[in-house]
Amino acid sequence: MNLSTTPLSPPLSAPLSSATISMMLADARLPVGGHVHSAGLEPALSGGMPAAQVPGYMLGRVRTVTLVEAGTAVVARHVAVQGTGQGVFGAAQLAVALATVDRAWAARTPSRAVRDVSRSLARGYQRLAGTLWAEHPAVVASALGSTPPGPTLSRPVLLGVIAAAAGLDAESLVRLVVYDDAQTIAAAMLKLEPLDPAIPPGWVLAACAAAEEFVTDLAALTSADAIPAWGAPESEGWAEAHSRTTQRLFRA
Amino acid sequence: MLENSTPSSSAPARSLRIGVAGPVGTGKSSLIATVCRALAAELRLGVITNDIYTDEDARFLRSAGVLEPERIRAVETGACPHTAIRDDITVNLLAVEDLERDFNPLDVVLIESGGDNLTATFSPALVDAQIFVLDVAGGGDVARKGGPGIARADLLVVNKTDLAPYVGVDVPAMVADAETAREGRQVLALSRSDAASVETLAAWVRGLLVEHRAGTHTPQDPGPMAPHFHADEEGGPGLLHSHDETEHVHDGEPAHTHH
Ligand SMILES: Nc1nc2c(ncn2[C@@H]2O[C@H](COP(=O)(O)OP(=O)(O)O)[C@@H](O)[C@H]2O)c(=O)[nH]1
Ligand SMILES: [Mg+2]
Ligand SMILES: [Zn+2]
Ligand SMILES: [Zn+2]
Ligand SMILES: [Zn+2]
């Protein structure tokens, strides 16, 4: 069986729709290691947040850290599209531009544990991107900036790179980031505090609805300076504590 | 040191990756400790553990003092130990690559699965070969009952043979049953207190490494999981499910598929 050595690249001549790319990237079955993450839910519950507050936790993220993630992804996408579309940047310059976006994200993500987890998750996406869009200049540039043991790029920057490579529009990218965060919490909830599994999907849709008012503005961002800078300090404290525990189902 | 393992200047050397699977408590961590104790002086080793709920296996192995603690790393599995070694091996692959990079060159990386009943097997995209571990305390019938790991892992270990007199198990009969279920594939009756059996295990690893380096070893897939219970994984009585491409249910999880 030599399937593993002959990856099939998506055809560039027949562009895929943003809807298709979104579905694939939002699918929990996508093999990027997402199943070991709970979007901060396990740290929150271990930190004492009552399970009844999970819907509120989800909405809280929509108005804070998810804005940072989505804004970062959009600006990374913009940089990647600009840098490749007009052929103005070489891979090295593009890597520098992506690193600038990454630094803006890091400055808005004070918890080291949260940053580490994002970078480790990004490596799963890097692997996927390097297989599916190996030749794309933004993917090549992102790999330059992601050589372990040096700092690897964060997950939202990688999502922006993939959006540029795959042809995902900026608004869809924002909605993807929002949905993925909420759905990660919903799926982890069923393992941590089991309940009727038909209920959490309603929370996910409520979170997505709550994000709609931000979508247009976030999708229009082009500068790293303009990425929102909301924080969730209690959640970050939980993440820090979780990174030091020896009892966890989820990485974070 | 074995020959032909000169460090390369740039790209980390690709180690021989060996998976260790089998039910909880059969002695996977202990077997890894035994292999390390037997081979650490002649081979450069690394270990990855996949615990279900803690990093206890990694801590146990570090405290066994058989390997530098930095060479033993734990990955989380999100309560899906079977997923992390078979369908979405991303976190394990990254962990192996990190070890190979940080301790370049490594000869062998041993990966312990988070015990998932009788059924979890490793993807050949993650490991070059796998050991499936049973113990005599599980009863003499287990080997005959079969399953993909028992039937088709590269090596089946019947562990803790020193306990056989206490649990009333006839080891030669259990081994013979296993050999039948495996259509002749290798079965090793092991006890960490039986030096000859430990040496046979070490020799198996050495032989595999020679084949791996010669490019004559081809990773085999033992096959997908059979339907099983998850009594230990999520607590409470488990629902019968399987881990093939079809939809199935875990306790408290919606029906889902793993690819
Ligand atoms: N008597 C005996 N006990 C063993 C042997 N190997 C492991 N054990 C014990 O079996 C128990 C489970 O071993 P462990 O390696 O943690 O199993 P794992 O859950 O499969 O990793 C521990 O108490 C070990 O000390 C053996 O060869 N003989
Ligand atoms: Mg163990
Ligand atoms: Zn599962
Ligand atoms: Zn299972
Ligand atoms: Zn499953």
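Donors are N, O and S atoms within 2.8 Å of the metal (3.2 Å for Na, K and Ca); water is not among the atoms, so sites may look incomplete. The structure is a predicted model, in which local features need pLDDT of at least 70, side-chain atom pairs count only at pLDDT 80 or more, and totals for chains, interfaces and linings use all residues. Residues are numbered from 1 along each chain as its sequence is written, chains are lettered from A and ligands numbered from 1 in the order in which they are written, and side-chain values use heavy atoms, with hydrogens and water left out.

The magnesium ion (ligand 2) is coordinated at 2.1 to 2.7 Å. Its donors come from B:Ser29 (OG), B:Asp57 (OD), B:Asp57 (OD) and B:Glu112 (OE). Along the chain, these donors follow the spacing S-x27-D-x54-E. B:Ser29 lies in helix α1 (residues 28-39) of chain B and B:Asp57 in helix α2 (residues 56-63) of chain B, so the pair ties together parts that are 28 residues apart in sequence. Helices (H or I, at least four residues) and strands (E, at least two) are DSSP runs, numbered from the N terminus. B:Ser29 is buried at 9% relative accessibility. B:Asp57 is also buried, at 18%. Buried means under 20% relative accessible area, exposed over 50%, and partly exposed in between (1.4 Å probe, protein chains only).

Chain B contains an open sheet of seven strands with parallel pairing. Two strands pair if DSSP finds at least two bridges between them. The strand order is β3-β2-β4-β1-β5-β6-β7. The edges are β3 (72-74) and β7 (187-189) of chain B; each has a single partner strand, so one side of each is left without a neighbour in the sheet. From one strand to the next, the twist averages 20 degrees. Strands β1 (residues 16-21) and β4 (residues 108-112) of chain B run parallel and are joined by five bridges. B:Arg17 has B:Val109 as its bridge partner in β4(B).

Two helices lie across strands of chain B. Helix α8 (residues 171-181) lies across β5 (129-135), β6 and β7, at about 165 degrees to β7(B). Helix α9 (residues 195-214) lies across β1, β4, β5, β6 and β7, at about 140 degrees to β1(B). Axes are lines fitted to C-alpha atoms, for helices over the stretch in contact, and angles run from 0 to 180 degrees between N-to-C directions. Contact means heavy atoms within 4.5 Å.

B:Asn159 lies in strand β6 (residues 155-159) of chain B. B:Asn159 is buried, at 7% relative accessibility. Its side chain reaches the backbone oxygen of B:Thr26 at 2.9 Å. Residues that B:Asn159 touches include B:Thr26, B:Val133, B:Asp135 and B:Leu190, not counting residues up to four places away in sequence.

Key
A polar contact is a pair of N or O atoms within 3.5 Å; within protein, one must be able to donate a hydrogen and the other to accept it, and residues adjacent in sequence count only if both atoms are side-chain atoms.
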